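Let's take a friendly walk through this structure together. Have the sequence and the 3D view open as you read.

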Amino acid sequence: MQERNGRPPEAPVKVPPEAAVTEPLKAAVTEPAASALAFPTAFPIKIMGRREGGFTRDVIEIVLRHAPDFMPGTIESRPSRGGKYLSLTATVNATSREQLDALYRELCDHPSVVMVL
């Protein structure tokens, strides 16, 4: 074996299969993590899609279904350099993780949407 950085190579450590997963790690895998967000909160969502007729209108309709207090006039838009895509940022008053998950799912399912962040 070759030496790396002037040191002899380290011998591999053998771990018995039953010791590979520790109890705290098992708990972390099976229990859902607590949300880092405190609700309600202003939450910006960036939606990128093809610049087609009705894209902005469709996004606003979807956002309003999940956040009825969203004000459409606050949506920010920015075209791509080539003009083929449009980036929209909608800041919603998020009330729960479930609300955000449902909003993301519906936005992602729209045929003109390329990405949701």
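## A pair within one helix

By about how much of a helical turn are aspartate 101 and arginine 97 separated in helix H3? They are four residues apart in helix H3, so about one helical turn separates them. Please keep in mind that this is a predicted model.

Aspartate 101 and arginine 97 form a salt bridge, and their closest N and O atoms are 3.2 Å apart. Aspartate 101 counts as partly exposed, at 31% relative accessibility. Arginine 97 is also partly exposed, at 47%.

## Other salt bridges

The structure holds four salt bridges. Side chains of opposite charge can pair when their charged atoms come close. Another example joins arginine 65 to glutamate 106, with 2.5 Å between the closest N and O atoms. Arginine 65 belongs to helix H2 (residues 55-66) and glutamate 106 to helix H3 (residues 97-109), so this pair ties together parts that lie 41 residues apart in sequence. Arginine 65 is exposed, with a relative accessible area of 52%, while glutamate 106 counts as partly exposed at 24%.

Now look at arginine 57, which forms a salt bridge with aspartate 58. The closest N and O atoms of arginine 57 and aspartate 58 are 3.1 Å apart. Why does aspartate 58 count as buried? Its relative accessibility is 19%, and buried means under 20%.

Next come the strands. In what order do the four strands of the open sheet stand? The order is S2-S3-S1-S4, and the pairing is antiparallel. S2 and S4 stand at the edges with a single partner strand each, so one side of each has no neighbour in the sheet. From one strand to the next, the twist averages 25 degrees.

Strand S1 (residues 41-50) pairs with strand S3 (residues 85-94) in the antiparallel sense over ten bridges. To find this pairing in the 3D view, look for threonine 41, which stands opposite alanine 94 in S3. S1 also pairs with strand S4 (residues 113-116), again in the antiparallel sense, over three bridges. Here isoleucine 47 stands opposite valine 116 in S4.

## The hairpin and a covered strand

Strand S2 (residues 76-79) pairs with S3 in the antiparallel sense over four bridges. Glutamate 76 stands opposite threonine 89 in S3, and proline 79 has leucine 86 as its bridge partner in S3. How many residues lie between S2 and S3 in their hairpin? There are five, and glycine 83 in the turn has a positive phi of about 80 degrees.

S3 is mostly covered, with seven of its ten residues buried. In a regular strand the side chains alternate between the two faces of the sheet.

## Helices against the sheet and each other

H2 lies across S1, S3 and S4, and runs at about 15 degrees to S3. H3 packs on the sheet as well, touching S1, S3 and S4, and its direction makes about 10 degrees with that of S1.

How do the two helices meet? The axes of H2 and H3 come within 9 Å and cross at roughly 155 degrees. That makes H2 roughly antiparallel to H3, since angles over 145 degrees count as roughly antiparallel. The crossing in which H2 passes H3 is right-handed.

Which residues would you display to see this contact? On the H2 side, pick Val59, Ile62, Val63, Arg65 and His66. They meet Gln99, Ala102, Leu103, Glu106 and Leu107 in H3. Arg65 and Glu106 are among these residues, and they are also the partners in the 2.5 Å salt bridge described above.

Technical notes:
Residues numbered from 1 in each chain as written. Predicted model: local features only at pLDDT ≥ 70, side-chain atom pairs only at ≥ 80, totals over all residues. Heavy atoms only, no water. Salt bridge = Lys/Arg side-chain N within 4 Å of Asp/Glu carboxyl O. Buried < 20%, exposed > 50% of the residue type's maximum accessible area, 1.4 Å probe, protein only. Pairing = 2+ DSSP bridges. Axes fitted to C-alpha atoms, helices over the stretch in contact; angles between N-to-C directions. Parallel < 35°, antiparallel > 145°, perpendicular 65-115°, else oblique. Left-handed = near helix turned anticlockwise from the far one by under 90°. Contact = heavy atoms within 4.5 Å.
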